Amino acid sequence: MNWRFLYVFIFCSALSILDAMAQEKDTLYLRNGQIMVGKLNSINLGIIEFDDMDLSVQRIRYHKIKTIKASMATYRIQTLDESVYYGVLKPTQEYGQVIVDDGFVEKQYPIVNIFNLVSLEKRFIKKIKGTVALGYSYTKSSDIGRSNVDWNLRFTEQKFQLDFTGSFIFTNNQGERTRDRESVTLGALYNLNSILVAGVALNYQRNIELGLASRLQQMAGFGRRFLFKSNLQGTLISGAVINQERSLEGNTTGNLYEIPAQFKLDYFHFSAPNLSFTVFPKFFFGVNQNGRQRFDGEARVNWEVINNLDLGLQFYSNYDNQALEGSNTNFDYGVVFNVGYKFK
């Protein structure tokens with residue numbers, strides 16, 4: 001017998017089997033008996049995002065699913081018992097149940113107990129998720145137009161996540177354009193475990209209402225997740241912040257040190273319409289600024305009208321008990337409406 005030929009044959013057969021397994025599609029088994037075939041993208045805030053072969057990307061609520069089979073990718077799976085797995089999902093015969101398989105242990109969970117699931121994509125562009133939005137308002141009587149640009153993008157890997165967010169508000173008053181409010185943040189979060197995260201962030205801000213021409217902010221800190229619900233997530237964050245500021249009058253500061261206290265809450269409304277809510281208040285306490293206290297906060301409501309199309313409403317407020325030169329007040333607030341495209 002030609003043993004070399006036998007080894008080559010076994011090797012090629014194994015590759016063929018592995019390739020066939022890799023090409024096997026994910027499957028959602030719905031409670032009404034329907035079956036959806038495609039690719040599981042994510043599970044978050046009570047919603048299963050599934051790329052169906054025939055219907056494109058669908059967002060399906062937990063209570064409509066009987067079980068799931070997902071093995072086209074490796075997933076980071078977080079459960080309500082604060083466990084973290086890197087593996088796949090296997091179907092069961094029990095309604096509303098799924099088996100989590102990380103290659104070492106197989107454990108059955110109710111689907112509603114999967115707190116968060118992220119597909120660890122291989123292609124770079126597929127790892128980018130989020131929304132880009134635009135808005136515009138105009139008053140003929142005063143010849144004033146107001147436009148806004150807003151984005152919220154994230155890039156996910158096995159242990160860390162990059163967030164790139166931004167918001168710009170411009171006013172056009174009889175041909176004169178002003179940059180009213182600007183904010184751009186690049187942040188990185190590293191999952192220490194299912195509860196604790198460590199992070200760093202770079203931030204740029206501008207707010208002419210508070211006399212702020214520019215603020216460059218560097219932050220490092222830790223966060224703790226403390227809400228583990230299928231449609232509710234909360235995180236507390238604190239650490240240290242260094243700021244460099246320039247007022248509208250042109251005056252600049254050295255390094256200003258602050259201690260932040262931040263809280264982020266995400267909530268998803270299960271029943272129609274498809275609404276998501278985010279509340280993100282941020283408090284800053286000055287260390288070398290004679291009792292300076294600041295507040296930056298926002299609340300967002302997003303309604304996904306159809307796939308990839310969001311209508312958004314944003315409420316923001318800013319407070320500074322030591323507002324800079326050139327300001328008319330130490331408090332600013334506003335409401336922004338926009339239409340956005342969602343990357344999935």
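Mentor: Let's begin with strand 12 and strand 13 (residues 176-191), which pair in the antiparallel sense over 14 bridges. Strands here are DSSP runs of E with at least two residues, numbered from the N terminus, and two strands pair if DSSP finds at least two bridges between them. Keep in mind that this is a predicted model: local features need pLDDT of at least 70, side-chain atom pairs count only at pLDDT 80 or more, and totals for chains, interfaces and linings use all residues. Residues are numbered from 1 along each chain as its sequence is written, and side-chain values use heavy atoms, with hydrogens and water left out.
Trainee: Which residue stands opposite Leu162 in strand 13?
Mentor: Ala188 does.
Trainee: And what's in the hairpin of strand 12 and strand 13?
Mentor: Two residues sit between the strands, and Gln174 takes a positive phi near 55°.
Trainee: How many bridges join strand 13 to strand 14?
Mentor: Eleven, and those two run antiparallel, with strand 14 covering residues 196-207. Their hairpin has four residues between the strands. Across that pair, Thr185 stands opposite Asn203.
Trainee: Switching topic: is Trp151 buried or exposed?
Mentor: Trp151 counts as buried because its relative accessibility is 16%; buried means under 20% relative accessible area, exposed over 50%, partly exposed in between, with a 1.4 Å probe and protein chains only. Trp151 is in strand 11 (residues 144-156).
Trainee: What does Trp151 contact, leaving aside neighbours within four places in sequence?
Mentor: Thr131, Val132, Phe164, Thr165, Gly166, Phe168 and Val184, where contact means heavy atoms within 4.5 Å. Val132 is 19 residues from Trp151 in sequence, yet their C-alphas are 4.3 Å apart.
Trainee: How many residues are in the largest nonpolar core?
Mentor: It has 23, and those with the most contacts inside it are Leu28, Leu40, Ile48, Ile68 and Leu89. A nonpolar core is a set of buried Ala, Val, Leu, Ile, Met, Phe, Trp, Tyr and Cys residues joined through side-chain atoms within 4.5 Å.
Trainee: Which strand gives the largest share of this core?
Mentor: Strand 5, with six residues.
Trainee: What does Ile48 touch, not counting residues up to four places away in sequence?
Mentor: Its partners include Leu28, Leu40, Ile60, Tyr62, Ile68 and Ile111.
Trainee: Last one, where does Phe160 lie?
Mentor: Phe160 lies in strand 12 (residues 160-173). Phe160 counts as partly exposed because its relative accessible area is 33%.
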